[in-house]
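Hi there,

Here is the structure we talked about, with the sequence alongside. Have a look at it first, and then read on for my notes.

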Amino acid sequence: MILYTMMPQELIFPYDADAFKNQQTISYQGIPLLVEQTDQQNYQVIRVLSSDPQHFLNDQICPGAKISFSNL
Amino acid sequence: MNNNFIRNDAENPGGAEPQKEEKSASPLIEKIQQLGQTNVPQLSADSKIHCLTIVGQIEGHMALPPQNKTTKYEHIIPQLVAIEQNPNIEGLLIILNTVGGDVEAGLAISEMLATLSKPTVSIVLGGGHSIGVPIAVSCTYSFIAETATMTIHPIRLTGLVIGVPATFEYLDKMQERVVSFVTKHSKIPEETFKELMFAKGNLTRDIGTNVIGEEAVKYGLIDEVGGLGHAMKKLNELIELKKDENKGLIQ
């Protein structure tokens, strides 16, 4: 889609600050992760912030995976 | 194959194997639902090469609105310190795909990379624009993908301008820092870099130049055109070279 308009982008696509409210950075098993709280018991991994490529192969923390609060 | 199987069995005695099979089926489906992909094979736990991805905007003094994809200065710097200190890490690979960002944060990352005692190799994939340029050249050896681009343009300031001459002078000094860093850490001569920076007609209604893959190598900004395989090979070579150097010192 290409827009040709004098309207500022923020007016056309207002961003929803609430959508990012639940995001936070945590350390899980020593690995820094950006997570989002999905419900009362779980975090969902959004981004792995580690520099160790092996951490990206860990299927417990791959983006999209759920981490229970009880495992923290 | 056979050997591995026996070893696995020995680790899980008491017929734990079939149970594991059953269990692994459901997380696999879950994984496909989550990401549309299955997991990749596991390697040994320790990796001697670490990898830093610098993507999106480089975030420094100002926290950007959350919908921006950012690389945060305060995430990268401690990781670099940890990489420098960890004796198991022998090399660092920097993956760049950035649109630029905070000048001082970018220069800080570049200086940290340039002074890291371990071999570093950078790959520019997609784009390494503006402040991504000093980061790319700060590594021991730099690669650019054939289709990747780097935009070189003058520094601008978004914010309050108090006095025009003072602001202009400040911007000029800031730009000088970037130019001197890039010319010091790459093979590009200062005149060429400034020429590219102030060139007219390359970018629509703006000054600057967009260099693509091969061009960046031609100007001496980047060392070589290549991808992941080339970068890893080079990094391993540099690691071996450093090991040999250290051996020489002991003797």
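**What I found**

Let me start in chain A: Q29(A) sits in the loop between β1 (23-28) and β2 (31-37) of that chain. Helices here (H or I, at least four residues) and strands (E, at least two) are DSSP runs, numbered from the N terminus. Q29(A) is not a glycine, yet its phi is positive, at about 50 degrees. For context, most residues other than glycine have a negative phi. With a relative accessible area of 54%, Q29(A) is exposed; the classes are buried under 20% relative accessible area, exposed over 50% and partly exposed in between, with a 1.4 Å probe and protein chains only.

Before going further, please keep in mind that this is a predicted model, in which local features need pLDDT of at least 70 and side-chain atom pairs count only at pLDDT 80 or more, while totals for chains, interfaces and linings use all residues. Residues are numbered from 1 along each chain as its sequence is written, chains are lettered from A and ligands numbered from 1 in the order in which they are written, and side-chain values use heavy atoms, with hydrogens and water left out.

**Chain B as a whole**

Chain B has nine helices and 10 strands. Of its 251 residues, 38% are buried. Taking contacts (heavy atoms within 4.5 Å) between residues at least 6 apart in sequence, 68% join residues at least 24 apart.

**Helix α4 and its partners**

How do α3 (residues 73-85) and α4 (residues 103-114) of chain B cross, and at what angle? Their axes come within 10 Å and cross at roughly 10 degrees. The axes are lines fitted to C-alpha atoms, for helices over the stretch in contact, and angles run from 0 to 180 degrees between N-to-C directions.

On the α3(B) side, the contact is made by Y73(B), I76(B), I77(B), L80(B) and V81(B). From α4(B) come A105(B), A108(B), I109(B), M112(B) and L113(B). By class, that contact has 10 nonpolar residues, no polar and no charged. Here Ala, Val, Leu, Ile, Met, Phe, Trp, Tyr, Cys and Pro count as nonpolar, Asp, Glu, Lys and Arg as charged, and the others, Gly among them, as polar.

At the start of α4(B), a side-chain oxygen of D102(B) comes to within 2.9 Å of the backbone nitrogen of E104(B). The buried residues of α4(B) are V103(B), A105(B), G106(B), L107(B), I109(B), S110(B) and L113(B). They pack against several elements of chain B, including β1 (49-59), β3 (91-101) and α6 (164-185).

V103(B) is worth a click: this α4 residue is buried at 13% relative accessibility. Leaving out residues up to four places away in sequence, V103(B) touches I131(B), I155(B), M174(B) and V178(B). Its C-alpha atom is 9.9 Å from that of H61(B), 42 residues apart along the chain.

M174(B) and V178(B) are also among the buried residues of α6(B). That helix has 22 residues and reaches 32 Å from its first C-alpha to its last, close to the 32 Å expected, the expected span being 1.5 Å times one less than the number of residues. Covering its buried residues are, among others, α4, α5 and α7 (190-197) of chain B.

T151(B) lies in strand β6 (residues 149-152) and is buried, at 13% relative accessible area. Its side chain makes a polar contact of 2.7 Å with the side chain of H129(B). A polar contact is a pair of N or O atoms within 3.5 Å; within protein, one must be able to donate a hydrogen and the other to accept it, and residues adjacent in sequence count only if both atoms are side-chain atoms.

Among the residues that T151(B) touches are S130(B) and T209(B). T209(B), in strand β9 (residues 209-212), is buried at 7% relative accessibility. The side chains of T209(B) and N202(B) are joined by a polar contact of 3.4 Å.

S130(B) lies in the loop between β4 and α5 of chain B. Its phi is positive, at about 50 degrees, although S130(B) is not a glycine. At 24% relative accessibility, S130(B) counts as partly exposed.

Best wishes
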